[in-house]
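Please find below a colleague's note on the coordinates under review.

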Amino acid sequence: MGALKAILWRDLALARQQGGGLGAAFSFILAVVVLVPLAIGPDLVLLQRLAAGMLWLSLLLAVLLTAEQIFQRDLEDGSLELMTMTTVPFELIALVKAIAHWLTVSLPLAVIAPPLGLLLNLDINQLPIFWLSIIVGSLALSLLASLGGAITAGLRRGGLLVSILVLPLYIPVLIFGVSATTMLMGAQSAVPSLLVLLAITLLCLVMVPLACAAALRAYMR
Amino acid sequence: MQKFANPTLFLNLANAVLPYLIAITAVLFTLGLYGALVTSPADYQQGETVRIMYVHVPASWIGMFAYGFMAFFSAVALIFRHPLADAAAKTAAPIGAVFCFLALATGSIWGKPMWGTWWVWDARLTSMFILMLLYLGYIAVWQAIEEPFLAAAIARIVALVGSIILPIIKFSVDWWNTLHQPASVFKMGGPAIETRMLAALLTMALAYTALFLTLHLISMRTEIAKRKLRQSRLFEIRGN
Amino acid sequence: MTRKQTRLSLILAALSLLGLAVGLVLFAMRDSIVFFYTPSEMVEKHLGPTTRVRLGGLVETGSLIKLPGGLVTFSVTDMTKSMKVSYQGLLPDLFREGQGVVAEGNVAGDGSFLADSVLAKHDEKYMPREIVEKLKAQGKWKG
């Protein structure tokens, strides 16, 4: 347990010192939010219908942009190899690194980005549920991003490959995340969508560390 | 099983089987197409358009079967370190992707006159589309990583992670209200499809399966030849 | 904890997480993502004219009226409630009275449904016409 805590603190400290890409990711979301109304025109009714989906999409892409660096640096400087030498199962180490990514990138983004929806004419009454859904979904986004990061950790130009591999896996998160808000537009309960989102997160919590550890071991052999 | 790990033995076997397999494919396609286009009746609702089903449904089945095949051999490669299993999974992917594309395209052609639209984002169509993307991702892994052993190790993981889509596709029409019709053949209480139609459909399914196996065997042969070529080049570079 | 115990407790934790996930999905399923709503569901929901929804059900027999200028009206029913639909445009081939249909649009002020697209939904039965006729004559057709 001590080792896991140490890795978590180390990753958090590294993110604090080097910025961790959070600022860049937030600027990306901001840029998308500004571009959407310019691209589709100033129709407020249309914007309202698109707001939740567009914000989800921009958050998801922003998280994806940071995926490459989750394991790459640790693999290159050999610290990942050192981590395999502890008695702690390597799967747990992969999980802790994914959680560190969540705490430093996805969760802060999910907390600060939703009010930007007001720029897209998002109904203020739907904001709480939208906020909640994006926070619930953010852990799954981080887990899947770290899966992509692990699969491409040892590659020179892994960026494009990460998107090709992770985007299909993001589709269920996107569908249920957005449906929580659109259900509300149809005057329905958002609870089923949130529960499914939670279930997807739990599934990722189990499967992603296994796949990450296997991929990273392949690179370290 | 271990016996076929020897590529030479596998090649001999493949070369012996291949002519028969090609013949079987040709015969099955002739029978299947005759059944689909001539002997099977027009549908009471869809009229002659129903005949698209005979190319669409088997294509979707093989599109999914090929992914299952790929995931199975990835698991075999992971557990038994079987060198040919990776090649089997790798060569199944492009073939599966083509069948998957065929299913989407023929479905679209059927959907326009019948439903009134080329495409809708309902659960069955969306999940089939994701399958197509997963195939492309798997193929991209093999192309992005030059070192073959590393590529194999990574590709196995990608194939196994993606296999979660298969039950979702199968049950999407039962779990959600979709525009796509529910299962007609593999359902509780027996097929809801007339005997002559079912016969033609199953013959076409066998024909598609035979076609898949033929194409797969041919590209396995190519894959083994490529490996030999690479090895002999490596020997040359080392200067013996 | 020894290595073995750690492994075992991890596996148990993973299995219980998976179990929880399955439980959540089973609890939430069936009405989370639907492609369309039935007329009864539409009545329950009191939707306003600004919400775009899809209405699905069977076209009520004898309700199809084609007006000049391409305007069509028909009723969609789920055997308990039915809803009047008006639509301007071409209907798909499979559109029949008594068959499944999915209409997309919004609810008008008078409680009827204004569709801007109509899709025909096919069922899972594949039969030639003669056999259907025979079954109907024998009274064995369930359609």
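1. The model is predicted, and its confidence should be read first. For chain B the average pLDDT is 88, and 94% of the residues score at least 70.

2. Helix α2 of chain B (residues 53-80) has the highest mean, at 94, whereas helix α6 of chain B (residues 165-175) has the lowest, at 81.

3. The largest nonpolar core comprises 173 residues. Within this core, the residues with the most contacts are Leu59(A), Leu144(A) and Ala215(A). Its largest share comes from helix α9 of chain A (residues 191-220), which supplies 20 residues. Chain C also takes part: domain 1 (1-32) and domain 2 (39-121) of chain C each give at least three residues to this core.

4. Which residues does Leu144(A) touch, leaving aside those up to four places away in sequence? They are Val166(A), Leu169(A), Tyr170(A), Cys204(A) and Val208(A). Leu144(A) is also one of the residues with the most contacts inside the core of 173 residues.

5. Chain C contains three helices and six strands.

6. Of the 143 residues in chain C, 29% are buried. Among the contacts in chain C with a separation of 6 or more, 47% are between residues 24 or more positions apart.

Methods:
Residues are numbered from 1 along each chain as its sequence is written. Chains are lettered from A and ligands numbered from 1 in the order in which they are written. This is a predicted model: local features need pLDDT of at least 70, side-chain atom pairs count only at pLDDT 80 or more; totals for chains, interfaces and linings use all residues. pLDDT is the predictor's confidence in each residue, from 0 to 100. Helices (H or I, at least four residues) and strands (E, at least two) are DSSP runs, numbered from the N terminus. A nonpolar core is a set of buried Ala, Val, Leu, Ile, Met, Phe, Trp, Tyr and Cys residues joined through C-beta atoms within 7 Å. A residue is buried if 20 or more other C-beta atoms lie within 10 Å of its own, exposed if 12 or fewer, and partly exposed in between; C-beta atoms are placed from the backbone. Domain bounds come from an automatic or database domain assignment. Two residues are in contact if their C-beta atoms, placed from the backbone, lie within 7 Å.
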